[in-house]
Amino acid sequence: MKRFREQRVILSLIAKKPISLVSLIIVVSFIIIGVSAPLIVPYPEDAWGLTYNVEKRFLPPSIQHIFGTDALGRDVFSRVLLGSSFSLIIAVGVIGLALIIGVPVGVVAGYYGGRIGMILMRITDMFLAFPPLLLAIVLAATLGRGLLNLIVALAISWWPWYSRLVYVQTNTVKNMPYIDSAKIAGLPSFKIMTKHVIPNALTPTFVQAALDMGSAILEAAGLSFIGVGVKPPTPEWGLLVSEGWQSINYAWWIAFFPGLAILVTVVGFNLLADALRESADPRIRRTILMRLGVKQ
Amino acid sequence: MNSQPLLQVEDLSIDYIIVGGSIKAVRNVSFNIHEGEVVCLVGESGSGKSTIGLAIAGALPENAIIRSGKIIFKGKNLLNEKSRNKKTDNIMIVFQDPAATLNPLFTVGEVISDVIRSHLQIRDKGKIREKALEAFRMVELPDPERIFNSYPHELSGGMLQRVVIAISLSTNPKMLIADEPTTMLDVTLQAQILDLLLNLKKKLRLSMLFITHNLGVAREVGDRIIVIYGGEIIEEAGSSDLINDPLHPYTKGLLECIPRTHIRHSRLKHIPGAVPDLKNPLKGCIFSDRCSEVMDVCRVVKPLLKEYSRNHKVACHLYLEGKE
Amino acid sequence: MKIELMRIKDLKKYFPVKAGLFGKIVGYVKAVDDVTFNIGLGEVVSLVGESGSGKTTIAKCLLLLERPTYGQILFNGYDITQIRGKKLKDYRRNVQAVFQNPFLSLDPRMNVYEIVSEPVKYHVKLSKIELYEYVSKLLEMVGLDKSFLDKFPHELSGGQAQRVAIARAISLNPKLVVLDEPTSALDVSIQAQILNLLAELRGKMNFSYLLITHDLSIVRYISDRVLVIYLGKIMEEGPSEGIFNEPLHPYTQILLSSIPDPFTKEIREKTILRGEPPSPVNPPRACRFHTRCPYVMDICREEEPSEIYYSGEHRVFCWLYAKK
């Protein structure tokens, strides 16, 4: 726990402001719901899209169906609830994959510099030159619909941002005397990068990644909405909104609740991002260090 | 010597609020500085010396709280003012790292002009530049015109430190606070800067609070030396008196562990133990847990700073008892 | 009879200076320019110089953190300047380092146990228990007890952190430890503790030290031989006593007199080194020191002084000592 004293102070600073506390609660709730949804969902077959109840179609919100039912008579609440699990999988999958590609590229480019660094960063820049959403759409359309393809498409459009972040951090860390100390101890470059560079350089990147999950969810929803994301009957929020789109005039609840879920989740992540970014502000960092008793 | 000191620090106590408590960094500190006098505040890390300098200059960090005391400058208590106008006080401060003090995006000419304009209320560009070049010449900078147009990264460490001193002198301050101004410099450069400061002191009748951890530097530059340990003043005397006749065991210990170049030591003397934890300062004498001459009373009763011989004050029971 | 451990021959390290859009090489920083000296087994050699002298670059070359541009570094007779792979790993066991600021040279995310055990884990296969015992023993040797094992660098004082750095450096039982300004960042009383520790360890384990510093006052206590470096070249070399009792080179004399020794204000006339340090990209022709030397003669501006043996092992590069 002592390794993370700075992070703990940041958390306490966040907990003090009401908006950031709310955003923290939203994000944590999202994760808990996402993990437990498959177990607690009231109408499992509806949620997974395995049913067709003709007599229950387009029912407005009621006690048995708090979010109403959709065009196929399925409980919207169950589908939205299970949708959180899919959003969680997408968020973790996209960001995780982007990190797996981006971090090694950035660390190697930053640590070695020179030719290798230049080549790797030029490749990164090439990817960064595309408008990210456009790139994702093109990739997703090319790969075809499906959850895995969606995750891969988004990850490919995402990794260069991490690569760039990591590259910059690595450049700072590699000049630190403790890296020299590791070299003198005889550690091979690979070990130095994994044991010393990454733990010290990656905090800002991991923070950014955790918060990017919100944006990943939004982009995935967007891609599914326009039809290049997941396949029906996957209860992904974006797809749910598009399914409810045609009936929005007479059955508003079908599109509304998934849309609300996206809104709340993404706003929660973004507000948390703002709060954390504030604490990354050098002036506030100084305040934190001051409060930890570190001499300026 | 004027009867009224230029600066009077009375019973000053400052805490730093940190996670898990507070650091009692400065406790009941009192001393004076007269006009034209250089007083060296000597202490190691954690002694509170920088805190005192920052308090006088009005530059304490946000988590510092002044618990009690007065800082009386030219008759006014600086701590009283609701919105203290630092510009009219005319106390300037020079820090350890000149590169950190200067904004890399501006030429040093722009920086000094800004300071002159705001402190001396001069509008005329020509006059400002004149004063700036005069300040550069006073610190013996070669080619002041070129320096005026240079950016900090184009100048060497020594030149930068001179520039920073020039900036602080450009407003004709009554008092200069120098916080370890030569600690980061090479030894020959340090000698140059100390020589410069002594010349300036003579020429301008400058009053200075010089903060350092180096007793050798303090001896060279200071008229009087105040030794501070763990937030408390433990000895105060004229420079020669302090060096030739140190009273407090800490002062003696500090002098003994300075390695000398003209003899070969077989083993360096050192002060065993470590600096005190100021979250919970010792009840009695702050040095009692490291003192080789500690007595029972030291652990229980805090010795007050009392004058032992002419102009030589010490806070130590070894000398208080004798007085009885 | 001295057994030679390391011989540095004709060492040069030039750093290219790039400018313009395409990074064209416009010059070289001649950080180290033809340096020759050796280090004996169990000997303490001090490399004294100020910023820009090249002393840190020499250390980096010995530690193979940089590869020399020219010259040889012979370790036990074998040139190590181009070694890689296993030979490099074996060499590293023999040459370790302690740097100036322990808070930067210790990985802040690792605790003391991890820091001190890391090098050993890399070179020797030990069981968990054996490793634990070994690390505890190392800590004991540097004056720290087992309670420090799970502490992190930010929980340590400067002196404690530097002790951890020393424990790590000696963990592989190296033949040579490079000490790069090991006490510059520490308070005077702690400096004395650390210097005593280093002297003690050297006595027990017969390490060789290469001490790099600009502070001559710590040199005399611990060194056998001293080399004075200015702008990439050796100015003077001799046994420690010889250098301090009879400094030959004007630069050495100035370095000695620049030290602010509290006791000798009246005794020694200070010679202040004037002027700015010249640029290492365009160092002065002939004798590098001639632009600032108080005894400069015509020949100093025309021809580089050759090595002159003043007595036995005391050599100097200065025309003042050339026999007519």
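Let's start where two chains meet: 36 residues of chain B are in contact with 36 residues of chain C, where contact takes C-beta atoms, placed from the backbone, within 7 Å of each other. On chain B, the elements that give two or more residues to this side are α7, α8 (187-204), α9 (215-221) and α11 (249-256). By class, that side has 14 nonpolar, 13 polar and 9 charged residues. Nonpolar here covers Ala, Val, Leu, Ile, Met, Phe, Trp, Tyr, Cys and Pro, charged covers Asp, Glu, Lys and Arg, and polar takes the others, Gly among them.

Keep in mind that this is a predicted model, in which local features need pLDDT of at least 70, side-chain atom pairs count only at pLDDT 80 or more, and totals for chains, interfaces and linings use all residues. Residues are numbered from 1 along each chain as its sequence is written, while chains are lettered from A and ligands numbered from 1 in the order in which they are written.

**Chain A overall**
- Chain A has 13 helices and 0 strands; helices (H or I, at least four residues) and strands (E, at least two) are DSSP runs, numbered from the N terminus.
- The C-alpha trace of chain A spans about 75 × 45 × 30 Å along its principal axes.
- Buried residues make up 45% of its 296 residues. A residue is buried if 20 or more other C-beta atoms lie within 10 Å of its own, exposed if 12 or fewer, and partly exposed in between, with C-beta atoms placed from the backbone.
- Take the contacts in chain A with a separation of 6 or more: residues 24 or more positions apart account for 69% of them.

- Which residues of α9(A) are buried? They are A:M193, A:H196, A:V197, A:I198, A:N200 and A:A201.
- Those buried residues pack against α4 (76-112), α7 (147-173) and α8 (177-184) of chain A.
- Elsewhere in chain A, a cis peptide bond joins A:P232 and A:P233, with omega about 5 degrees. You'll find A:P233 in the loop between α10 (203-225) and α11 (237-245).

**A sheet and a loop in chain B**
- Chain B has an open sheet of 4 strands in the order β2-β1-β4-β5, with antiparallel pairing; strands pair if DSSP finds at least two bridges between them.
- Its edge strands are β2 (21-33) and β5 (76-77), and each pairs on one side only.
- Strand β1 (residues 7-18) is joined to β2(B) by 8 bridges, and B:L12 stands opposite B:V29 in β2(B).
- B:N172 has a phi near 50 degrees, a positive value in a residue other than glycine. This residue is in the loop between α7 (157-169) and β7 (175-179).
- Why does B:N172 count as partly exposed? Because it has 13 C-beta neighbours inside 10 Å.

**Chain C**
- Chain C has 11 helices and 12 strands, and 49% of its 324 residues count as buried.
- C:A286 has a positive phi too, near 55 degrees, and lies in the loop between α10 (250-258) and α11 (298-302).
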